[in-house]
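The paragraphs that follow lead through a protein model by way of its strands, its nonpolar core and its aromatic rings. Please keep the coordinates open while reading.

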Amino acid sequence: VLSLLDEQGNVLATTGSNIADLSVVPAGGKIPFLAMLDKDPQPYAKVEILVQGEPFTGSSIFPPYFDLKIDKVTGQESNFGRYSLSGKVINTGTKPAELVKIVAIAYDENGKVIDVGWTFSKLDTILPGQESPFALDFTTIEKAPAKYEIFTEGDEGK
């Protein structure tokens with residue numbers, strides 16, 4: 001949850017994260033997310049971010065799968081007038097990967113996050129050694145960012 005606060009700590013605006021986030025944060029890792037407000041209440045004094053989670057115990061109906069590699073990424077303007085990335089996700093592990101999600105963070109030249117985009121791989125299941133194409137549109141940017149990072153995870157298939 002993201003909240004904008006005034007000098008006295010009063011909440012001026014708040015919003016939750018959209019679905020761009022991933023479900024598991026590896027130890028020492030980071031997780032991309034996108035939180036959007038209808039309007040930017042000016043001035044605000046502080047940004048507060050609250051994260052809710054619990055340690056992963058290894059047991060899950062849909063265990064996460066991380067043996068995935070992003071490859072051959074190119075950027076271009078999409079059909080929707082936004083900047084997009086396309087490439088391949090490769091299953092480098094020994095089990096099938098299902099519902100593979102790809103999330104990208106775009107940064108400006110100062111390292112500030114300017115957008116987040118997400119998509120799923122084109123194949124619902126990626127077998128060991130197999131690859132699947134993907135294409136994702138950023139939400140707001142129309143031109144190439146100074147830098148971007150891409151994260152991916154899937155569910156362990158049977």
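Which residues does L85 touch, not counting residues up to four places away in sequence? With contact taken as heavy atoms within 4.5 Å, L85 touches V73, T74, G75, Q76, A104, F134, A135, L136, F138, Y148 and I150. This is a predicted model, in which local features need pLDDT of at least 70 and side-chain atom pairs count only at pLDDT 80 or more, while totals for chains, interfaces and linings use all residues. Residues are numbered from 1 along each chain as its sequence is written, and side-chain values use heavy atoms, with hydrogens and water left out.

L85 is also among the residues with the most contacts inside the largest nonpolar core, together with L68, V100, L136 and F138. That core has 15 residues, a nonpolar core being a set of buried Ala, Val, Leu, Ile, Met, Phe, Trp, Tyr and Cys residues joined through side-chain atoms within 4.5 Å; buried means under 20% relative accessible area, exposed over 50%, and partly exposed in between (1.4 Å probe, protein chains only). The elements that give two or more residues to the core are β6 (83–91), β7 (97–107) and β10 (131–137), and β7 provides the largest share, five residues. Strands here are DSSP runs (E, at least two residues), numbered from the N terminus.

Strand β6 is joined to β5 (residues 68–77) by eight bridges, and the two run antiparallel; strands pair if DSSP finds at least two bridges between them. Within this pairing, T74 has S86 as its bridge partner in β6. The two strands form a hairpin with five residues between them, and G81 in the turn has a positive phi of about 80°.

Turning to the rings, two aromatic pairs are counted, where rings of Phe, Tyr and Trp (its six-membered ring) pair if their centres lie within 6.5 Å, and planes under 30 degrees apart count as stacked, over 60 as edge-to-face and the rest as tilted. Y83 and F138 are stacked, at 6.5 Å centre to centre with 20° between the planes; Y83 lies in β6 and F138 in the loop between β10 and β11 (147–156), 55 residues apart, and both are buried. W118 and F120 form an edge-to-face pair, at 5.7 Å and 90°. W118 counts as partly exposed because its relative accessibility is 30%, and F120 does so at 37%. The charged end of K101 sits over the ring of W118, 5.1 Å from its centre, a charge being over a ring if NZ of Lys or CZ of Arg is within 6 Å of the ring centre and within 35 degrees of the ring normal.

Technical notes
Helix = DSSP H or I, 4+ residues; strand = E, 2+ residues; numbered from the N terminus.
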